[in-house]
Amino acid sequence: MAGNRTVRNAGGIELAANAGLIVALFLAFYVGFGLPILWAINYYIPSFFDGFGRRSLVGTLLYPFGSLRFEYVFVAALQMAVRYTLIVILFWRAWHSPLTLKLVVIAFLVAPTGGYLFHTAGYPEDILYLALLAAIHVRPLPALLIMGATLFVQELAAFTVIPLYVTSLALRREFRTAIVHGAVLVAVFAVIYLFFQTVPSEMIEALLARVRSVARYAVDESYYQLFRNDFVGERMRNYYMPPARYLTRALLMAACVSVVVAVAFYRRSDRWFGALNVLCVLGACLAPLLLGFFGWDVFRWVFLSLLSSLFVLLFIGRTTPAPAAMTVAALLVGFALVGHLEYFDGAHPRPILPYPRFVDFWQAELPRIFGKALSR
């Protein structure tokens, strides 16, 4: 009798957790939903045939579509499809995870990271993290090719998914593969750094002229300044100085979560391997924060650091101790109470209350967002 009661209680808790996942996902969508901003549209446009090297892989793959790749609706639809594919995979994984990891994902969705996940649709990290998931499930050579390709989607993959990929190899004790693949990927990054940083001005202007001739929207041409400057040229500066109030809290949160996730992979039975696990995981989770020393989207780097930690727990680490998962969930809930992530283009996370604001989103604001997008 007691056994049956225990089974029923466990089933009830599981059901409640699954309901919590659905509600948290629904709220995160409401808080942060947005369509790709005009800056992000540019990530899918430049191609190798336009004279671009870095950040050209997606545009090269879309080149056969001709001028359609300059249309906002076409590009935004692709970007939304990629982002929501990533969200579906994350949700599916959480749904089939132990209770403690479900609580982590619920907390991630309730925290500012949940709304941000929906707000930043269109940015190339969607492709990068999907590529990572593919790479950790295939044989070494295809995995290396996939990860090498990510550097031509966005060279900043060197600070986001590539550390996670090398960490996944180390956690599986594939040390030789980790060293060889890591060295090859560093070499690919060096090639991009040495030969593909900048694009001649006439090629940039030629591409912009083709985009302007088709686009019904105001092209955000500031994106193309990236191709006129070296990585460490005049734009180089420390974007963490001076630290803003909410940025300090966000950085502290990312650091704390990274430490907890890393320590969760320490194994007393094999201290040397356990220490290596901690170093690899900690480095992979904190690596996106290094982007703040030469890229201004510092709240986005915090988000990617926390997303990397979530990927370690859900996809890369084999088992996670319950105390560590509960600690991460508690930290994220704390982040929901005291912090936020700044949105792009003057947007703000939507408040859950008052209730009329919530209703207005579904009845008026959401149709208005899609109407504006379709008019571009």
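## Basis

Because the model is predicted, local features need pLDDT of at least 70, side-chain atom pairs count only at pLDDT 80 or more, and totals for chains, interfaces and linings use all residues. Residues are numbered from 1 along each chain as its sequence is written, and side-chain values use heavy atoms, with hydrogens and water left out.

## Largest pocket

The largest pocket has a volume of about 500 Å³. A pocket here is an open set of points on a 1 Å grid over the protein atoms alone, where a 1.4 Å probe fits, with protein on both sides within 12 Å along at least five of seven lines. Grid points are joined across faces, edges and corners, and the volume is the space filled by probe spheres set on the points. Lining residues have an atom within 4 Å of a point.

The lining holds 23 residues, and G34, L35, A347, I369 and K372 are the closest to the centre. Helix α16 (355-374) and helix α1 (2-32) each supply at least two lining residues. The largest share, 6 residues, comes from α16. Helices are DSSP runs (H or I, at least four residues), numbered from the N terminus. By class, the lining has 12 nonpolar, 4 polar and 7 charged residues. Nonpolar covers Ala, Val, Leu, Ile, Met, Phe, Trp, Tyr, Cys and Pro; charged covers Asp, Glu, Lys and Arg; the others, Gly among them, are polar.

## Second largest pocket

The second largest pocket has a volume of about 250 Å³. Of its 18 lining residues, V31, V110, A111, P112 and I352 are the closest to the centre. At least two lining residues come from each of α1, α5 (99-110) and α6 (112-119). This lining divides into 13 nonpolar, 4 polar and 1 charged.

## Loop between α15 and α16

The loop between α15 (322-338) and α16 contains P354. The peptide bond from L353 to P354 is cis, with omega near 10 degrees.

D345 lies in the loop between α15 and α16. It is not a glycine, yet D345 has a positive phi of about 55 degrees. D345 counts as exposed, at 64% relative accessibility. Exposed means over 50% relative accessible area, buried under 20%, and partly exposed in between (1.4 Å probe, protein chains only).

## Loop between α2 and α3

R55 is found in the loop between α2 (38-41) and α3 (57-62). R55 also has a positive phi of about 55 degrees without being a glycine. R55 is buried, with a relative accessible area of 6%.
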